[in-house]
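Hi,

Here's the structure I promised to send over. Have a look at it first, and then read on for what turned up.

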Amino acid sequence: MNTLDSARQVTACRVCGGVDWQDVVSFGSVPPANAFLEPAPAYEEDRYPLAVISCRSCRLMSLTHVVDPEILYRTYAYATPASDTINDHMRYVADVCRTRFDLPAGGFVVELGSNTGVQLRAFQEAGLRVLGVDPARNLVEVAERHGVRTLPEFFDADTARAVARDHGRADLVLGRHVFAHIDDVAGVLTGVRELLAPGGVFAIEVPWALDMVDDLEFDTIYHEHLSYFLVRTLVTLYERHGLRVLDVERLPVHGGSILVFAGLESGPWRPRPSVRELCDREEAAGLFGDDAYRRFAERVETTRRELRDLIRGQVAEGRRVAGYGASAKGVTLLNVCGLDGGELEFCSDTTPLKQGKVMPGVHVPVCSPKRAAQDPPDLYLLLAWNYAEEILAKEAGYLGRGGRFVIPVPRPLIVSGETRAA
Ligand code: TMP
Ligand code: ZN
């Protein structure tokens, strides 16, 4: 199949309509990061160009190609992992969303990209009425089984109107790590505007582009992540769609994220100082000019080379290497660093949907952590580095027996029992 039939090349900026783009990085053609495959001897995989450009008007960083969401999301391999880091984070998000802008007791919460419904359960437990919207049919089934009502749809203006009609206006519309996956942001924001109650709040959690650039998190670039947002870019976007950014909070999850609260322009709330403060930090980091992006691309090249050389060097010295966490960013990392089954024996992952499959592009087999623990490697490449603290604590026994981890970004770092103790 000509994969370009199922991908759209970006021309105008989805935020401001601009057409003056700076090339940032290009990783060639890569398969979608969650397209885990059955192990088979010869596979023709669909690959799509993976490259980032930056709009010189509003400084949205965008992928050059948008893969058809029907391909990426209808059956989805990423289910919210059972992780203390994520559970604590979701409880925190539920708490701030309830208190920051006075969410009414018993109010109505709609979540976009609600996955298996773990986040919504935290709201349910606090006595709120909830509804999820998620296109992944396999995940909707799980959410419903757990008592979280979920529409198996993409969220757009039509879905929003249907929800408002059938369930009433929402006091909170929440989207955690989903807004950057959306191409038609105008359609979604139209929907949000029509769904929100007059004093309602729209909250999104997205990776902060400043953290991504500073900490060289180039492996978070994959086909699902169409946009890499600065606060300033979101202010521009929302202004164009009758919404106003009210408050922004930095959060440590997924390599550095921001929780961005917004309300209707006609609503009762006024912006808080955090909005200006974070825009100022973006300005001070040079992110409104070309140079910062050129430097980012150079530093990415260095890390790519260092990581490939380190892992190949370890293998050449006879050490057994495996991946830890078959994360979507792990798929990018291995594909763009030229590491595959030649270097990594396997990759362990807690997600049953991924176990028994092979990773896209590089075809490293995925197994359960239990299986991995029976014959652990000398070195684990930590592909789920956003859970480093939790995983290193959980694997204290492995480290104690001489096992080691490599944390790949910003620069490859070897962690052993001794370096942990130091
Ligand atoms: P995420 O960074 O997109 O949440 O993906 C993390 C992946 O790593 C996911 O497939 C689950 C997996 N994982 C493990 O295998 N072990 C762990 O301890 C954790 C926290 C995640
Ligand atoms: Zn733009």
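One term before anything else: when I say two residues are in contact, I mean that they have heavy atoms within 4.5 Å. Also, this is a predicted model, so local features need pLDDT of at least 70 and side-chain atom pairs count only at pLDDT 80 or more, while totals for chains, interfaces and linings use all residues. Residues are numbered from 1 along each chain as its sequence is written, chains are lettered from A and ligands numbered from 1 in the order in which they are written, and side-chain values use heavy atoms, with hydrogens and water left out.

Let's start with Ser348, which sits in strand S15 (residues 344-348). Strands here are DSSP runs of E with at least two residues, helices are runs of H or I with at least four, and both are numbered from the N terminus. Ser348 is buried, with a relative accessibility of 2%. (Buried is under 20% relative accessible area, exposed is over 50%, and partly exposed is in between, using a 1.4 Å probe and protein chains only.) Beyond its neighbours within four places in sequence, Ser348 is in contact with Gly323, Tyr324, Gly325, Ala326, Cys367, Ser368, Pro369 and Ala372. Gly323 is 25 residues away from Ser348 along the chain, yet their C-alpha atoms are separated by 6.4 Å.

You'll find Ile71 in helix H1 (residues 69-73), and its relative accessible area of 39% makes it partly exposed. Setting aside residues up to four places away in sequence, Ile71 touches Ser6 and Tyr48. From Ile71 to Ala372 it's 301 residues in sequence and 31 Å in space, C-alpha to C-alpha.

Now the whole chain. The protein chain has 15 helices and 19 strands. Its radius of gyration is 21 Å, close to the 22 Å that the globule rule gives for 422 residues, so the chain is as compact as a globular protein of that length. (That radius is taken over C-alpha atoms, and the rule is 2.2 Å times the number of residues to the power 0.38.) Along the principal axes, the C-alpha atoms fill a box of roughly 65 × 50 × 45 Å. Of the 422 residues, 58% count as buried. Among contacts with a separation of 6 or more, 70% are between residues 24 or more positions apart.

One helix pair is worth a look. Helix H10 (residues 290-316) packs against helix H11 (residues 328-337) at an angle of about 85 degrees, with the axes 9 Å apart. That makes H10 roughly perpendicular to H11, a label that covers 65 to 115 degrees (under 35 is roughly parallel, over 145 roughly antiparallel, and the rest oblique). Arg304, Leu307 and Arg308 of H10 meet Leu333, Val336 and Cys337 of H11.

Most residues other than glycine have a negative phi, and most peptide bonds are trans. Asp102, however, has a positive phi near 50 degrees; Asp102 is in the loop between helix H2 (84-99) and strand S6 (108-112) and is exposed at 54% relative accessibility. His177 also has a positive phi, of about 50 degrees, and lies in the loop between strand S9 (170-176) and helix H6 (185-195). Val409 and Pro410 are joined by a cis peptide bond, with omega about 0 degrees, and Pro410 is in the loop between strand S18 (404-407) and strand S19 (413-416).

Cheers

Methods:
Axes are lines fitted to C-alpha atoms, for helices over the stretch in contact, and angles run from 0 to 180 degrees between N-to-C directions.
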